[in-house]
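These are my notes from one sitting with the model, written in the order in which I looked things up.

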Amino acid sequence: MKLKHLFVLSAAAVVPTGALAADPQVDMRTSAGTIRLELYPAKAPKTVENFLQYVRDGHYNGTIFHRVIPGFMVQGGGMSADMSQKPTRAPVPIESKNGLKNDVGSVAMARTSDPNSATAQFFINVANNGFLNYPGQDGYGYTVFGKVVDGMDVVNKIVASPTASRGANRDVPVKPVLIESVTLVGQK
């Protein structure tokens, strides 16, 4: 038993610093409070890099949670408070076959019926939405790429927001829930 313990310690000593780096985290400051997300680049590398590029570009700052459905999810990241859609980069290929599940607190990419259409919009699951997991109802599912590690109380506050229709959009919070900023934790 002691030899095994010694081996683990000596193996850890030869691993280069940073090789065991934690998964990146971002703080999403909203008008309802702050949500911390942990991202999983080993499971969804293209999706995480896409999301982080939008973070670095400041894309999410000033967007809203524009679709809020109790018992399902809260969606945001693509529309301003006046419900105009922000321009996006090219879509990323789907990475839903990564073993991550659309469970409570998980973060996934929103997309159209085209499985390879995800750009900037994301959603946070507020229920276990197994029907969104790979292969899903359409043979593809939705790419989970992170989870809420702090601030699920804020997500629950958002999902409890009264909603109404605005133009062609349904389930829009009556009082906009603004994403004020999204920043990589540990970055200035």
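**Entry 1: Met83.** I looked up what Met83 touches and found Ile64, His66, Arg166, Asn169 and Val172, leaving out residues up to four places away in sequence; contact here means heavy atoms within 4.5 Å. Met83 is in the loop between β4 and β5, where helices (H or I, at least four residues) and strands (E, at least two) are DSSP runs, numbered from the N terminus. Its phi is positive, about 70°, although Met83 is not a glycine. Is Met83 buried or exposed? I record Met83 as buried because its relative accessibility is 13%, and the classes are buried under 20% relative accessible area, exposed over 50% and partly exposed in between, with a 1.4 Å probe and protein chains only.

**Entry 2: how the model is to be read.** This is a predicted model, in which local features need pLDDT of at least 70 and side-chain atom pairs count only at pLDDT 80 or more, while totals for chains, interfaces and linings use all residues. Residues are numbered from 1 along each chain as its sequence is written, and side-chain values use heavy atoms, with hydrogens and water left out.

**Entry 3: other backbone points.** I found another positive phi in a residue other than glycine at Asp171, where the value is near 65°. Asp171 lies in strand β9 and is partly exposed, with a relative accessible area of 23%. I also marked the peptide bond from Tyr134 to Pro135, which is cis with omega near 5°; Pro135 sits in the loop between β6 and β7 (144-150).

**Entry 4: the whole protein.** I counted three helices and ten strands, which follow the pattern α-β-β-α-β-β-β-β-β-α-β-β-β along the sequence. Of the 188 residues, 43% are buried. Among contacts between residues at least 6 apart in sequence, 67% join residues at least 24 apart. The accessible surface comes to about 10000 Å², of which 57% belongs to carbon and sulfur atoms; the areas come from the Shrake-Rupley method with a 1.4 Å probe, and for residues only the protein chains shown count as cover.

**Entry 5: pockets.** Before reading the volumes I wrote down the terms: on a 1 Å grid over the protein atoms alone, a cavity is a set of points where a 1.4 Å probe fits but cannot get out, a pocket is an open set with protein on both sides within 12 Å along at least five of seven lines, and lining residues have an atom within 4 Å of a point. Grid points are joined across faces, edges and corners, and a volume is the space filled by probe spheres set on the points. The largest pocket holds about 450 Å³ and has 22 lining residues, with Arg67, Gln75, Ala110, Arg111 and Gln121 nearest its centre. Strands β3 (63-69), β4 (73-80) and β9 (169-173) each supply at least two residues of that lining. I noted nine nonpolar, nine polar and four charged residues in it, with Ala, Val, Leu, Ile, Met, Phe, Trp, Tyr, Cys and Pro counted as nonpolar, Asp, Glu, Lys and Arg as charged, and the others, Gly among them, as polar. The second largest pocket has a volume of about 160 Å³, and its lining includes Ser31, Lys157, Pro173 and Val177.

**Entry 6: the cavity.** The search of the whole structure gave one cavity of 30 Å³ or more. About 40 Å³ of space lies in the largest cavity, which is lined by Ile94, Met109, Ala110, Arg111, Pro115, Ala118, Tyr142 and Thr143.

**Entry 7: Ser117.** I then looked at Ser117, in the loop between β5 (106-109) and β6 (122-125). Ser117 is buried, with a relative accessible area of 17%, and a polar atom of its side chain lies 2.6 Å from the backbone oxygen of Asp114.

How values were computed:
A polar contact is a pair of N or O atoms within 3.5 Å; within protein, one must be able to donate a hydrogen and the other to accept it, and residues adjacent in sequence count only if both atoms are side-chain atoms.
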